[in-house]
Every structure is written in C-alpha cells, then in structure tokens.
Amino acid sequence: MRIAILSSEAVPFAKVGGLADVSGALTKALHSQAVDSLLIIPFYDQIDRALVDDEFINDLEVTWRGQEGRISVFRSTTLKAPAYLIDAPHYFARGLVYGATDDFERFAFFCRAAIALLKRFDRAPDVVHCNDWPCGFAPVELRARRKHEEFFTGTRSLFSIHNMAYHGAFNPVDLWWLDFLNYADDFMLSGTASALKAGLVAADTLSTVSPRYAREIQTPEQGYGLDWLLRARSDRLAGITNGVDYEVWNPKTDPHIAAPFDADDLSGKQKCKLDLLRRFSLPEESARPIIAIISRLVAQKGYDLIRQGASGILDTGAFFIALGAGAREYEDFLQSWHDRAPHRVGIYKGFAGEALAHQIEAGADIFLMPSLYEPCGLNQMYSMRYGTIPVVRATGGLDDTVDNFDPNTGKGDGFKFGPYSATAMLEKIREALYFYSEPETWRGIQRNAMKRDNSWTITAKKYINLYEEIIELPRIF
Ligand code: ADP
C-alpha cells in the first residue's frame, strides 16, 4: 500500500502546532508497519538544511497562472520514510509557515506541485492523505484529474480535519486564476471561498483526530458553518485519536531533561522539577506544586478562563509556568501576571522549540488544558507519560484521552471538568491538588497515567484499516 501524506507542517522540519507532530509521526509509524509511506511538505526557509539530503529533481513542471514553470524538489530520509520538500522560494522562503496575506495561494500552489510530483513516481499512491485547509485544494484537483488521467484512476483521497476553525478563506474571484472556477461550488461558503470546505466536499473519505470531535463538528456550535456538510457525510467520517511518538516523548531516554525517570522510579522527576524552577527563575521550593501549560495563545486554549481564575490559581499555593506564543492580549496578560507575582508565575512568550517543552513536561506536577474546544490535544498525552497529571476540560480529544480519577476505585489518570467556566476549572485544580497532598494517592495516579498506551502503533493500525477501506470504496465521482 502506498500512502502519500500532504501536510503544511511536519516534525522535525517545520512546526506550528500539533499537526506537525501528527504528520511526522504518522509517516514514520506507517513506514515501520511496512506501508510504503511518503511525506510531502513545503521547503520553508527556516527548515534546518542538515535534515535535508539532496536535490531529488530540479525540473518538476507545474502549471500555474496559465504558465508552465519548473521547480526543484528536495528529499530527506530523516523520518526513515522519504520526505519530499517542494522548493518554491517565492512562496515558502518567507520566514513563516502561516500568516501571509496570500496563504491560500501559497498552499494552492503547494497542492498543485505535490500532485505533479506524485506523477513523477513509478506508480500512483493508493491514498493521498490531505491534512487541514492548506491541503484542501488537493482532493479537488485529484478528483478532476483522475477522470482523464489513467495514472490516478486508482487513487483515493482522505481529508483529515485537525481543526475546523481554520478555513483558509479567500475571495472567490481568485478561483479563476487558481484554475478552480469549474469547481466553485465546492469552495463557496457564505460568499467566500473556503479551502476547508472544498477538501471536505471533494475527498473520498474524511477523518478527524478523535471520536468525540468527530461528533462535535457535526453540531452548529462546533461545525464552523459546515456542520450540515459533516452530517451529510457522516458515513464517511472517522474519528481516530492521535498517538504519541514515544521515541521522542519518553522520560527514560529524553536527551532534553535534567534526569531520566520512569513509572517505577520517579526520583529523576524531582531533579527535573528543580531544574525547571531554576530555568524560570522561580524559588527552588520543591514541595510547592507546579501547574504548567504549553499552548498557542489563542481563545481555543482556554486562556480566558486562566485570566479570570488567575488569582484563584495562585491562592492554591501552586507555581504557574506558561509557555506560549500567539495573541497579544494573552501575551500581555501573562506578562502582567508574572510582573504581579514574579516568584510564583514563570513565563516564556514565544515559540521555544522542543527542549523547553520537554523540560516543562518533565518538571511540572500538573498540566492544565482548559480548552474551549480541542480536536485531540497532544500535550495531555505527553504529560501522562511524564507523570504530569492533566487537568482538562472534557471536550473533544481531551475527553477521549483522559479518565477522571476516582478515589473509590483508584482508577483514572487525570482530572476533567465540564462547564467552560473559571469556577469549574478552579474547583478541579483544587481537587487535583488535594490528591497531590496525599503522596501515595498521587503516586497511583501517576502510575496510571505513565502506563497508559497512547503509542502510534495503535493509531497507525487504525489509519491502515481506514486506508484499506478507502481503497475498496467505489469511486463516488
Ligand atoms: P494545537 O495543535 O492546537 O496547537 P496540540 O496540543 O495538538 O495543540 O499540539 C501543540 C504542540 O505544539 C505540542 O507539541 C506543544 O508542545 C507544541 N507547542 C505549542 N506552543 C509551543 C511553544 N510556544 N513552544 C514550543 N512548543 C509549543
């Protein structure tokens, strides 16, 4: 089975959020399960050249704006499975992944070039796996091309939703020169063109990153104007929970952390905690619990609740450590919170790279994710492996991956609250801290969390089953 994964970000090349972890780890996990997987991503200028091997081809013909041009494609074997990097400096040498006014154009080009690249291989992939709106153009193009190109007749497409909130919206006037005018209906949504919608309409099958999120996006509250479409296609919508790459997130072998540890011996975690306090210039009071958060600073991540509950959080006596980049209003809030309580609140504003994220996971006691919505969420699963107990809002993948601790049975690996309110969040934090003060009980919760298996092996098998189903599907277009 040959699977081509198209993504706008992938670890270890370029990362903005969880999509990068998933695209990189899935490509690798499929390869280790004997699937002929390959990854295609843009060659951004910020990608470390040491990860890229050689120029694969320098004459990939791409028809764009009515003209035929030639671009280069580079190759990397860092993931073991081959990764191909589309080299178009005009679009991708911008020092950013997203955030340009012409993002829709940049990624429409990426999709066109990726499909042109597939044609250069000895045979077509069985499935082209497209991820989020930047790859929404690809299923439309593939559907059109397989009608008259023998090469693609057996190829199916899967479109995976990692976040429904991002549409890649643009002015429909631009559809004509992007060559999608014949498919305008697929894109049109409330007067704009939506690359997300086009992917959802044109792909043979859809998936998203947790079963609960698969249900939530079929409701008007979380469907971002497309719940009707997802309900209509619900028989082709799978929910597969993301996995964790335990080669990368493993406290026993993690090169970034101060001391290794595992479920049977947690003594190293104490060293990691002191190391973390030092890194954030906080007093080395190791008995005081550390509550941490690592996330993009956007409303989705529940920062409004943290802002409302800020003094309540400090009233518990805990330290608070935050790593995040994003909206100015939340950066300002973090800064002023830190300025008010410099000995209790540690902050890092910006994208820190991997090491600091690992050090926080290893050194913290509690990981807070009060998300408004969360398609899957990865940090709660990373936390569990590091014995850092998640306190989460029961939404999307957070609900699917965290079991609320029950003191009567001793079962459970985290703490979940329901209502989106600072009061409910604070209540759960206080409950978690109550059990933190009982070392034996806390140890039990840590053991439950660390032993939980969220590995990619399981997730990759589910994707393989889904790919097999897709390949069997009759062509719907
Ligand atoms: P999302 O994809 O919505 O951003 P996830 O929890 O699925 O959320 O994944 C976020 C990923 O990005 C995690 O690997 C997390 O550690 C990482 N991350 C988020 N913000 C930062 C940051 N400022 N610095 C370093 N890593 C970050």
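Visitor: What do the side chains of E216 and R212 meet in?
Guide: They meet in a salt bridge, 2.6 Å from N to O. A salt bridge here is a side-chain nitrogen of Lys or Arg within 4 Å of a carboxyl oxygen of Asp or Glu. This is a predicted model: local features need pLDDT of at least 70, side-chain atom pairs count only at pLDDT 80 or more, and totals for chains, interfaces and linings use all residues. Residues are numbered from 1 along each chain as its sequence is written, and side-chain values use heavy atoms, with hydrogens and water left out.

Visitor: Where do E216 and R212 lie?
Guide: Both are in helix α7 (residues 211-216), 4 residues apart, about one turn of the helix. Helices (H or I, at least four residues) and strands (E, at least two) are DSSP runs, numbered from the N terminus.

Visitor: Why does that spacing matter?
Guide: An α-helix has 3.6 residues a turn, so residues three or four places apart point the same way.

Visitor: Is E216 buried or exposed?
Guide: E216 is buried, at 8% relative accessible area, while R212 is partly exposed at 23%. Buried means under 20% relative accessible area, exposed over 50%, and partly exposed in between (1.4 Å probe, protein chains only).

Visitor: How many salt bridges are there in the whole structure?
Guide: A search finds 36. One of them joins E141 and R145, at 3.3 Å from N to O. Those two residues also belong to a network of salt bridges with R112, K119, E149 and D179.

Visitor: New topic. How many disulfides?
Guide: The count is 0, where a disulfide is a pair of cysteine sulfur atoms within 2.5 Å.

Visitor: Now α12. Which residues are buried there?
Guide: Y330, E331, F333, L334 and W337. Seen down the axis of α12, they fall within an arc of 160°, so they line one face of the helix. The arc is taken from the directions from the helix axis to the C-beta atoms.

Visitor: What about the other side of α12?
Guide: R328 and R340 are exposed there.

Visitor: And what covers the buried residues of α12?
Guide: The cover includes β13 (290-297), α10 (303-308), α11 (310-315), β14 (319-326) and β15 (345-349), with contact meaning heavy atoms within 4.5 Å.
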